[in-house]
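The structure comes first, then the terms and the findings.

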Amino acid sequence: MLEKRSICFLLFVMSICVLLLAACTGDENTDSSGESNGKEANAEEDVELRVVTTMAGTDPAGEVFEKLLEEFKADNEHVSIINESQSADAGTIRTKVNTDFTSNNEPDLMFYFNTVDAEGIIEAGKVVNLEEAESVDLSNYDSMLEQQRREDGNIYAAPQTGFYEGLFVNKKLFEEHGVELPTTWEKYEEAIKKFAETDIIPVAASTEDSYYVVEHYALAAGGIENYNASLADQNVAWAEGLDKIGEHAEMGAFPEDAGTIDLSIAASLFHQEQAAMLFEGSWAWGAMPEEIAENIAVLPMPVYGDGGSTGDVVGGASQGWFISTKAYEDDKKRDAVVELFNFLTSEENIVRIAEATGQVPAKGALTDLPENIAAGHKMVEEANAVASPINDRILPEAFTHIRTSVPQIVSGEKTGKHVLEEAAALE
């Protein structure tokens, strides 16, 4: 009986020792409070994301965008980001995106044109329907989000900012030379004539890199109804507008080397007050030198043709954030790419980018706007109609042919009608 009690006591002491030993050594993955000590077996895996946007080159949003990426990486150390952004000028971004998607090398997240440019990748299922994507946050958007809805009823792109295009004028130069602001077509042509007699270039423009010139002369010739026509309609107003560019070139409206300079050089002439007028978009405010900004106003293109009236404006929200299907269906990348999307499209960050460009944010609002920028926003609010750029509605190759043919119209080698026939044949 005593021996049996001794054995039981010995077993009891041994069990106590085992428990004490376990308590002293503990689990190497927890501390004394039971919390993880950082050696979790399920730590987040390293993820690499490729991002492509147009926030590069001279785009004033580029610097802000780089800062946002750095902030995201600081809070998500397991995520590395390759920024392959390129300037939207001269169509380089379109070439890159088309090449990447056709070679199965698409970016994970993309800020791109939600226009005819995106039709191919959308139809091929290369980007996700954002309304059906798990954890994607589309809250707090204004009407710009609904404008992105495609004919199939889905939304594939989330807008960042809205924009407008117009005729930027240096009020000081107009006043110094006794020229009235070009609020009508007659006053616009009179301004060209008067400035052409001075050392001031009337209109800082490239006739080869002529996105905005082509669009605004087409609008002037036909008003909004004709402007909204398709290329296949062979609209005579577009042809007339192209021919008007040639007529105004003969009047001395543009720089002597307008056929060889690009948009950035044309803008620099305006920035240096060597030119009185400039066709540009609302993003131009971000690059406007402070010393001249208060002298700059933006006006709607004067309309003289039937089908509209002065006050019609080119604008909209033609770009948005796309998530590639390839990234979303990758279990390793999905959470990271959605988190980056939500971060970049948050109200705070959309407003930060809008502050750099002067454009209208798709979420939130800009405050304490300078008078000239506020006037641009008011121009859109009071517009008779707002229509998307021609460049967003027709085949990119067709529009490229139109704009690069303008020097031949200026030289008399081709007519506007001839150029449009050639462009229509490409569609």
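## Burial and basis

Buried means under 20% relative accessible area, exposed over 50%, and partly exposed in between, with a 1.4 Å probe and protein chains only. R403 has 5% relative accessibility, so R403 counts as buried. R403 sits in helix α17. Its C-alpha lies 6.4 Å from that of D209, although R403 and D209 are 194 residues apart in sequence.

The model is predicted: local features need pLDDT of at least 70, side-chain atom pairs count only at pLDDT 80 or more, and totals for chains, interfaces and linings use all residues. Residues are numbered from 1 along each chain as its sequence is written, and side-chain values use heavy atoms, with hydrogens and water left out.

## Largest cavity

A cavity is a set of points on a 1 Å grid, over the protein atoms alone, where a 1.4 Å probe fits but cannot get out; lining residues have an atom within 4 Å of a point. Points are joined across faces, edges and corners, and a volume is the space filled by probe spheres set on them. The structure holds two cavities of 30 Å³ or more.

The largest has about 70 Å³ of space. Its lining counts 13 residues, with A204, A205, Y212, L263 and F279 nearest the centre. At least two lining residues come from each of α8 (211–227), α10 (263–271) and β7 (275–281). Helices (H or I, at least four residues) and strands (E, at least two) are DSSP runs, numbered from the N terminus. The lining splits into nine nonpolar, two polar and two charged residues. Ala, Val, Leu, Ile, Met, Phe, Trp, Tyr, Cys and Pro count as nonpolar, Asp, Glu, Lys and Arg as charged, and the others, Gly among them, as polar.

## Second largest cavity

This one has about 40 Å³ of space. Its lining is V214, A218, W238, L242, I390, F399, I402 and L420. Eight are nonpolar, with no polar and no charged residues.

## Packing of α8 and α17

Axes are lines fitted to C-alpha atoms, for helices over the stretch in contact, and angles run from 0 to 180 degrees between N-to-C directions. The axes of α8 and α17 come within 9 Å and cross at roughly 90°. The two helices are therefore roughly perpendicular (65 to 115 degrees; under 35 is roughly parallel, over 145 roughly antiparallel, the rest oblique).

Y211, V214 and E215 of α8 make the contact (heavy atoms within 4.5 Å) with F399, I402 and R403 of α17. These residues divide into four nonpolar, no polar and two charged.

Technical notes: 1 Å grid on protein atoms, 1.4 Å probe; cavity = no way out; pocket = protein on both sides within 12 Å on 5 of 7 lines; lining within 4 Å.
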